[in-house]
Amino acid sequence: MSLFPGLLSLRDVLDVALVTFLIYQGYLLVVGTRAVNVLRGILVFAGVWVLAQLLGLTTLSYLLGRAGTVGLFALVVLFQPELRAALERVGRPRGRDVRASGAALQDLARAMERLAERKTGALIALERRTPLGEYAATGVILDAVVSAPFLEALFARNAPLHDGGVIIQGSRVVAAGCLFPLQSSDGTYRRYGTRHRAAIGLSELTDAVVLVVSEERGSMRIALAGRLGPDLNGSELREQLRALVYDRADLNGDLPPAPVPPMPEAGVESPPTERGSA
């Protein structure tokens, strides 16, 4: 059926609308990441290539065409983490619900406060829609009920699982001593210790809410969507957990990004063992 005889059909309008939607969704996947600058570079490269073809610059067109073919494969290798995160977001189940109970969140917040008071480092990931099974497999499977004393014991100094991350699914502690992927050292948070970079790294690849307690300052922070929120007190932590776990809030709207801190002194937080990479 033609909306404008001889010009556009309903199929044409649908085609244009779907392409526009896909381009917009692709933009949402890369916005806020380093891939945005690369995308701008690709657009400039493509523009020069098209211009060279229009002007009949045969040699330049040939060289740019060859470089573009090789560059596509190079981009896949260079941005493998970003591509993986983007595809994970596209395939993320929308109806999956592993929200913790109110009591579990209260116990979690209480444990975080006590660990912060004692300046005991901690790293805890709350699973949301993205399954964290592959990261749980790197640690010790527990399947225990969330409780403040239990979490405090896991992160106690000299405890076997102290240097790893804990994964919580609903109201259960799934695993402890887990290894989380580190955030790139050349990013905004390069001056943070290993524990904070692991929290940011996991939040870049998944939609998990990652809590971290600093050994150096005894501060509590939340990492989400590849960004690290500001220091929180007990009441602020509870409010953020309620919003993030129950209301599915996003870091962009609820937690302002943390300012880049001054260069730390010699005692930068970095657990001494290999397990400390989480």
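Modeller: Helices (H or I, at least four residues) and strands (E, at least two) are DSSP runs, numbered from the N terminus. The model is predicted, so local features need pLDDT of at least 70 and side-chain atom pairs pLDDT 80 or more, while totals for chains, interfaces and linings use all residues. Residues are numbered from 1 along each chain as its sequence is written, and side-chain values use heavy atoms, with hydrogens and water left out.

Biologist: OK, how many helices and strands are there in the chain?

Modeller: The chain has ten helices and nine strands.

Biologist: What length should helix 5 have at 1.5 Å a residue?

Modeller: The expected span is 1.5 Å times one less than the number of residues. Helix 5 has 16 residues, so it should span 22 Å, and its end C-alpha atoms are 23 Å apart, which agrees.

Biologist: Which residues of helix 5 are buried?

Modeller: Buried means under 20% relative accessible area, exposed is over 50%, and partly exposed is in between (1.4 Å probe, protein chains only). In helix 5, the buried ones are Ala104, Leu105, Asp107, Leu108, Ala109, Ala111, Met112, Leu115 and Ala116. Of the chain's 278 residues, 39% count as buried.

Biologist: How many residues are in the largest nonpolar core?

Modeller: A nonpolar core is a set of buried Ala, Val, Leu, Ile, Met, Phe, Trp, Tyr and Cys residues joined through side-chain atoms within 4.5 Å. The largest has 32 residues, and those with the most contacts inside it are Leu108, Ile124, Leu151, Val166, Leu211 and Leu237. Elements giving two or more residues to this core include helix 7 (148–154), strand 3 (122–126), strand 5 (165–169) and helix 9 (234–246). Helix 5 gives the most, with eight residues.

Biologist: And what does isoleucine 124 touch?

Modeller: Leaving aside residues up to four places away in sequence, isoleucine 124 touches Leu108, Met112, Leu151, Phe155, Val166, Ile168, Val209, Val210 and Leu211. A contact here means heavy atoms within 4.5 Å. Another core, of 20 residues, lies apart from the largest one, with Tyr135, Ala175, Leu202 and Leu228 among them.

Biologist: Switching topic: in what order do the strands of the open sheet come?

Modeller: Two strands pair if DSSP finds at least two bridges between them. Seven strands form the open sheet, in the order 4-6-5-3-7-8-9, with mixed pairing. At the edges, strand 4 (140–145) and strand 9 (227–228) each pair on one side only.

Biologist: Why is strand 7 called largely enclosed?

Modeller: Five of its five residues are buried, so strand 7 is largely enclosed by the rest of the structure. Both of its faces are covered: Val209, Leu211 and Val213 are buried on one side, and Val210 and Val212 on the other. In a regular strand the side chains alternate between the two faces of the sheet.

Biologist: What do strand 7 and strand 8 form together?

Modeller: They form a hairpin with six residues between them, and glycine 218 in the turn has a positive phi of about 70°. The two strands pair in the antiparallel sense over four bridges. Leucine 211 has isoleucine 222 in strand 8 as its bridge partner.

Biologist: How many residues lie between strand 5 and strand 6 in their hairpin?

Modeller: Two residues, and glycine 170 in that turn has a positive phi of about 65°. Strand 5 and strand 6 run antiparallel, joined by four bridges, and glutamine 169 stands opposite arginine 172 in strand 6. Arginine 172 is also the bridge partner of valine 145.

Biologist: Last one: is glutamate 127 buried or exposed?

Modeller: Glutamate 127 is buried, with a relative accessible area of 6%. It is found in the loop between strand 3 and helix 6 (133–136). Glutamate 127 and glycine 170 are 43 residues apart in sequence, and 7.4 Å apart in space, C-alpha to C-alpha.
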